[in-house]
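Here is a report on strand pairing, helix packing and nonpolar cores. Please view the model alongside the text.

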Amino acid sequence: MSEGLIVKTMEEFMAEGKQPEILFWVGSAGSYDDRAKKISRAFVKILNTANVDFAVLGPEESNTGDVAKRAGNEFLFQMQAMMNIEVLNGYEIKRIVTCDPHSFNTLKNEYPSLGGNYEVIHHTQFIKELLDSGRLSLEGKTYKEKRITFHDPCYLGRANSVYDAPREILKKTNADVVEMKRHKKTALCCGAGGAQMFKEPEKGDMDINVMRTKDALETNPNIIATGCPYCNTMMTDGIKAHEKEDSVTVLDVAELIANSI
């Protein structure tokens with residue numbers, strides 16, 4: 001990775017006879033999508049600043065199989081999962097942190113039955129851990145007096161009941177955190193989950209992401225924050241549909257924190 005960021009692979013750790021504190025599971029979006037790569041870099045900046053000994057799998061990381069499973073191809077999912085589990089178990093991985101709620105949900109809830117048992121943490125939970133333990137501190141000036149609304153990713157919120165971590169760390173930026181009418185358990189999907197990201201929307205009055213962005217814009221925000229690369233894409237497209245690119249920005253929680261360090 002560029003920009004003076006330090007990223008070591010599991011292979012390098014093993015060559016030194018060491019184990020990292022955490023494995024950062026980058027995920028397909030965070031590896032290949034240009035916009036999501038910025039989220040990965042922001043999270044690495046946070047890890048480097050907090051002196052976290054972390055590793056990535058690098059070329060040994062494959063897709064978790066989430067998309068295949070949601071699209072109904074259980075065989076492909078199990079094939080992808082077994083391949084990943086073999087690599088993870090080979091390295092004796094204990095703790096995994098990821099910026100992608102889809103990877104988070106799959107690794108946490110669907111890998112154990114196939115022999116992959118790990119402590120899986122979403123990056124917002126890990127950032128909260130770093131802030132609470134004093135390993136990371138924020139200046140708190142960058143977003144002072146900005147209005148931020150947080151969009152709950154389905155696989156983080158409703159599927160895994162992680163609601164507080166992202167909100168608590170957003171408050172530490174000294175921004176004014178405002179809630180949409182539909183939030184937490186009643187939050188509306190961005191429209192990309194369940195492999196919908198890779199197909200055309202179905203006929204109707206309004207695309208889901210445009211409707212969800214409308215919810216966000218009703219809070220009159222400067223920034224829409226999210227904790228998922230797919231939600232980021234959908235909300236960004238929603239902003240374009242509402243022609244609000246000049247006044248509203250979509251940022252991942254990791255980017256907001258990285259900018260506040």
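## Strands around S6

Strand S6 and strand S7 (residues 176–178) pair in the parallel sense over 3 bridges. Two strands count as paired if DSSP finds at least two bridges between them. Helices (H or I, at least four residues) and strands (E, at least two) are DSSP runs, numbered from the N terminus. Thr149 stands opposite Val178 in S7. From S6 the chain crosses through H8 to S7, and this β-α-β crossover is right-handed. The term means that, with the strands pointing away from the viewer, the path from the first strand over the helix to the second runs clockwise.

S6 also pairs with S8, again in the parallel sense, over 3 bridges. Ile148 has Ile223 as its bridge partner in S8.

## Basis of the model

This is a predicted model, in which local features need pLDDT of at least 70 and side-chain atom pairs count only at pLDDT 80 or more, while totals for chains, interfaces and linings use all residues. Residues are numbered from 1 along each chain as its sequence is written, and side-chain values use heavy atoms, with hydrogens and water left out.

## The five-stranded sheet

An open sheet of 5 strands has the order S1-S3-S2-S4-S5, with parallel pairing. Strand S1 (8–9) and S5 stand at the edges with a single partner strand each, so one side of each is left without a neighbour in the sheet.

S2 (residues 22–25) and S3 (residues 54–56) run parallel, joined by 2 bridges. Leu23 has Ala55 as its bridge partner in S3. S4 (residues 95–98) pairs with S5 (residues 119–122) in the parallel sense over 4 bridges. The chain passes from S4 through helix H6 (residues 101–110) to S5 in a right-handed β-α-β crossover.

## Helices and cores

Helix H3 (residues 34–49) lies across S2, S3 and S4, at about 165° to S2. Helix H7 (residues 123–132) lies across S2, S4 and S5, at about 85° to S5. Axes are lines fitted to C-alpha atoms, for helices over the stretch in contact (heavy atoms within 4.5 Å); angles run from 0 to 180 degrees between N-to-C directions.

A nonpolar core is a set of buried Ala, Val, Leu, Ile, Met, Phe, Trp, Tyr and Cys residues joined through side-chain atoms within 4.5 Å; buried means under 20% relative accessible area (1.4 Å probe, protein chains only). The largest core has 38 residues, and Phe43, Phe126 and Ile127 touch the most other members. H3 gives the most to this core, with 6 residues. Beyond its neighbours within four places in sequence, Ile127 contacts Phe43, Ile46, Leu136, Ile169, Ala254 and Ile257. A second, separate core of 23 residues includes Leu57, Phe77, Tyr91 and Leu114.

Key
Buried means under 20% relative accessible area, exposed over 50%, partly exposed in between (1.4 Å probe, protein chains only).
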